[in-house]
Amino acid sequence: MDARERFWRTMRFQPVDQLPDWADWLGPWDRWREQGLELPAGYDEGTVDMRAWSLERFNFEGMYSAFWGVPRVPVNVGVYPSYERIVYEEAENYTVYRGANGSTVKQFRDEKSKLHSTQWLDYPIKTRADWEEMRDEHLDPNAPGRYPDPATWEALKAQWAQDDTPISIDGGSFYGYIRDWVGAENLSLMLYDDPELVRDMMDYLADFFIQVLAKAVAEVRIDFAMFWEDMCYNAGPLLSPAMFRELMLPNYQKVTRFLEANGVELSWVDCDGNIEALVPLWIEGGVRGFYPMEVASGMDAAKLRQQYGQEIVMWGNVDKRALTAGPAAIDAEIARLAPLVPLGGFIPLVDHGVPDDVPYQHYLYYLQERRRITGW
């Protein structure tokens, strides 16, 4: 049974020899090197693709997330061309700069961490005129550069045609993108003060995603699309379910129906926080897959399986804090999730990036125990 068949049998709740063995989002490489992990030559010079290297090092089948992963169709469904990067302040432990999407941030540095804390300071969209400028200058679906150059694209298609692993593509983002362009607090006010502007942005994005993705879905066998939102915190969503239904649901339906009509059977959403209030709306919008199922925000895959049965599929829900705590906590997490494995439609993975305070030996122990219940 190859990796693609294994994935689809799992997602269709059919018997399977082993669950898909996917990579967690890894990153504490410097600390793990101090604890015994041998890193590849070129790591210190930044010349190594550590995601690709980690697949080989830990014998993973693939790595999947919105906007990055292996294998994934590299189509740019975001701001392009990027805003020019402008550095406003450079200090010992932080940098203030305008990034690729036009927002100004203060990004803190920790030399031993690949996960950086970021403070958002300013945003490119404050008025309708700002939106129209971004739309016209940075959100043209036909802009050259949204796809790889023709030679690379043809080579990738040939490679994918021989690939036996699931292939993903970015589906886009509605709230998440706009939040990054407007700001979470500003967007909350805009939803009250100027909901028609928010509606215009979301409506435009739906048509934009379809136009950008049309070439890919016509030419590549794609297994699933991944949307990204990060629109929830531990107490629930930042946008009410009523506003989701009014503003986001029709656009999700438009994009997922387009994808399904072009052979992309499954859509996932990557959203941190507690997503319970939005799950039925995403289902109605054509999204059946949910990740990362953050335990610290109260997400419980077993509870959702009981509630929604085979309407949904999930991956994640391994509490990252257990990996820091050690073997006893890891054993408890594995025991909690083990009954879900034979039910299908679920892949246990760490519920976000593996934190920097996770010792290397703890990660190896977790991986051993995860593979024990998933058949590896």
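## A pair across the chain

Is Glu-265 buried, partly exposed or exposed? The model is predicted, and in it Glu-265 has a relative accessible area of 40%. Buried would require under 20% and exposed over 50%, so Glu-265 is partly exposed. Arg-12 is also classed as partly exposed, at 39% relative accessibility.

The side chains of Arg-12 and Glu-265 form a salt bridge, with an N to O distance of 2.8 Å. Arg-12 sits in the loop between helix 1 (3-11) and helix 2 (29-34), and Glu-265 in the loop between helix 9 and strand 12 (266-270), so the bridge ties together parts that are 253 residues apart in sequence.

## Other salt bridges

Side chains of opposite charge can pair when their charged atoms come close. The structure holds 30 salt bridges. One of them joins Asp-170 and Arg-72, whose closest N and O atoms are 2.8 Å apart. Asp-170 belongs to strand 8 (residues 168-172) and Arg-72 to strand 3 (residues 72-73), so that this pair links distant parts of the chain, 98 residues apart. Both Asp-170 and Arg-72 are buried.

A further salt bridge runs between Arg-370 and Asp-24, with 3.2 Å between the closest N and O atoms. Here the link is between helix 14 (residues 360-374), which holds Arg-370, and the loop between helix 1 and helix 2, which holds Asp-24; the two residues are 346 apart. Arg-370 and Asp-24 are both buried. Through shared partners, salt bridges connect Asp-21, Asp-24, Arg-370 and Arg-371 in one network.

## Helix 6

Helix 6 (residues 175-182) is largely enclosed by the rest of the structure, because eight of its eight residues are buried. Among them are Tyr-175, Arg-179, Asp-180 and Trp-181. The elements covering its buried residues include strand 7 (118-122), helix 4 (128-138), helix 7 (184-193), helix 8 (195-219), strand 9 (224-228) and helix 9 (241-261). After helix 6 comes Gly-183, with a positive phi near 100°.

## The largest pocket

The largest pocket has a volume of about 1,700 Å³. Its lining consists of 45 residues, and those nearest its centre are Trp-120, Arg-179, Asp-180, Trp-228 and Asp-230. Strand 6 (104-108), strand 7, helix 6 and strand 10 (232-233) each give two or more residues to this lining. Helix 6 supplies the largest share, four residues. By type, the lining comprises 21 nonpolar, 16 polar and eight charged residues.

Terms used:
Residues numbered from 1 in each chain as written. Predicted model: local features only at pLDDT ≥ 70, side-chain atom pairs only at ≥ 80, totals over all residues. Heavy atoms only, no water. Buried < 20%, exposed > 50% of the residue type's maximum accessible area, 1.4 Å probe, protein only. Contact = heavy atoms within 4.5 Å. 1 Å grid on protein atoms, 1.4 Å probe; cavity = no way out; pocket = protein on both sides within 12 Å on 5 of 7 lines; lining within 4 Å. Points joined across faces, edges and corners; volume = space filled by probe spheres on them. Nonpolar A, V, L, I, M, F, W, Y, C, P; charged D, E, K, R; others polar. Salt bridge = Lys/Arg side-chain N within 4 Å of Asp/Glu carboxyl O.
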